[in-house]
Amino acid sequence: VQLQAYGGGLVQAGGSLRLSCAASSGRTFSSYAMGWFRLAPGKERQFVAAINWSGGSTYYADSVEGRFTISRDNAKNTVYLQMNSLKPEDTAVYYCAADNYGVITDKEASIESEYDYWGQGTLVTVSS
């Protein structure tokens, strides 16, 4: 599957952005679990959020819980990350990823090696 993330940009602290990740694949998009990760300058890539094939299960990093919402539209082959109450520490390149298994557990969701495909990333900059 090929993943194209977009929607990043510059926003002031307290603002909102919605990232999108469009998938193109010979397989049905709903067969994949999807995740978002981010890479901030000088830091390792970290887990942000994940969602199972149906959207019925979602998982979040503690740092974004209550501020970010992951969702998906299987008819549009797209996964979203709605980011509210943004903070300067949310500044990073955000990557979407796809897991060949549609079901992902809480423990698996945050592990990079669980994901089989990665998009190219979109930059989010939050100014103070």
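Is Glu 112 buried, partly exposed or exposed, and what is its relative accessible area? Glu 112 is partly exposed, with a relative accessible area of 30%. The legends below walk through this residue and several others in a predicted model.

**View 1. Glu 112 and Arg 45 meet in a salt bridge.**
Start with the two side chains: the N to O distance between Glu 112 and Arg 45 is 3.0 Å. Glu 112 sits in the loop between helix H1 (106–109) and strand S10 (117–118), while Arg 45 sits in the loop between S4 and strand S5 (46–51), so this pair ties together parts that are 67 residues apart in sequence. Arg 45 counts as partly exposed because its relative accessibility is 28%, a value that falls between the 20% limit for buried and the 50% limit for exposed.

**View 2. Arg 38 and Asp 90 form a salt bridge across distant parts of the chain.**
Here the side chains of Arg 38 and Asp 90 come together with an N to O distance of 2.9 Å. Follow the chain and you will find Arg 38 in strand S4, but Asp 90 in the loop between strand S8 (78–83) and strand S9 (92–99), 52 residues apart. Arg 38 has 5% relative accessibility and therefore counts as buried. Asp 90 is buried too, with a relative accessible area of 0%.

**View 3. Asp 90 also forms a salt bridge with Arg 67.**
The closest N and O atoms of Asp 90 and Arg 67 are 2.7 Å apart. This pair again links distant parts of the chain, with Asp 90 in the loop between S8 and S9 and Arg 67 in the loop between S6 and S7, 23 residues apart. How many salt bridges does a search of the whole structure find? The search finds three.

**View 4. Arg 67 is buried among its contacts.**
Look for Arg 67 in the loop between strand S6 (58–60) and strand S7 (68–73). Its relative accessible area is 12%, so Arg 67 counts as buried. A polar atom of the Arg 67 side chain lies 2.9 Å from the backbone oxygen of Ser 85. Not counting residues up to four places away in sequence, Arg 67 touches several residues, including Gln 82, Met 83, Asn 84, Leu 86 and Lys 87.

**View 5. Tyr 32 is a buried loop residue.**
Tyr 32 has its place in the loop between strand S3 (17–24) and strand S4 (33–39). With 2% relative accessibility, Tyr 32 counts as buried. Leaving aside neighbours within four places in sequence, the contacts of Tyr 32 include Val 1, Trp 53, Arg 72, Tyr 101 and Tyr 117. The C-alpha atoms of Tyr 32 and Asp 116 are separated by 9.8 Å, although these residues are 84 residues apart along the chain.

**View 6. Strand S1 has a covered face and an uncovered one.**
In strand S1 (residues 2–6), Leu 3 and Ala 5 make up the covered face, and Gln 2, Gln 4 and Tyr 6 make up the uncovered one. In a regular strand, side chains alternate between the two faces of the sheet. S1 and S3 run antiparallel and are joined by five bridges. To find your way between these strands, look at Ala 5, which stands opposite Cys 21 in S3.

Definitions and conventions
Residues numbered from 1 in each chain as written. Predicted model: local features only at pLDDT ≥ 70, side-chain atom pairs only at ≥ 80, totals over all residues. Heavy atoms only, no water. Helix = DSSP H or I, 4+ residues; strand = E, 2+ residues; numbered from the N terminus. Buried < 20%, exposed > 50% of the residue type's maximum accessible area, 1.4 Å probe, protein only. Contact = heavy atoms within 4.5 Å. Polar contact = N/O pair within 3.5 Å; in protein donor to acceptor, adjacent residues only side chain to side chain. Salt bridge = Lys/Arg side-chain N within 4 Å of Asp/Glu carboxyl O. Pairing = 2+ DSSP bridges.
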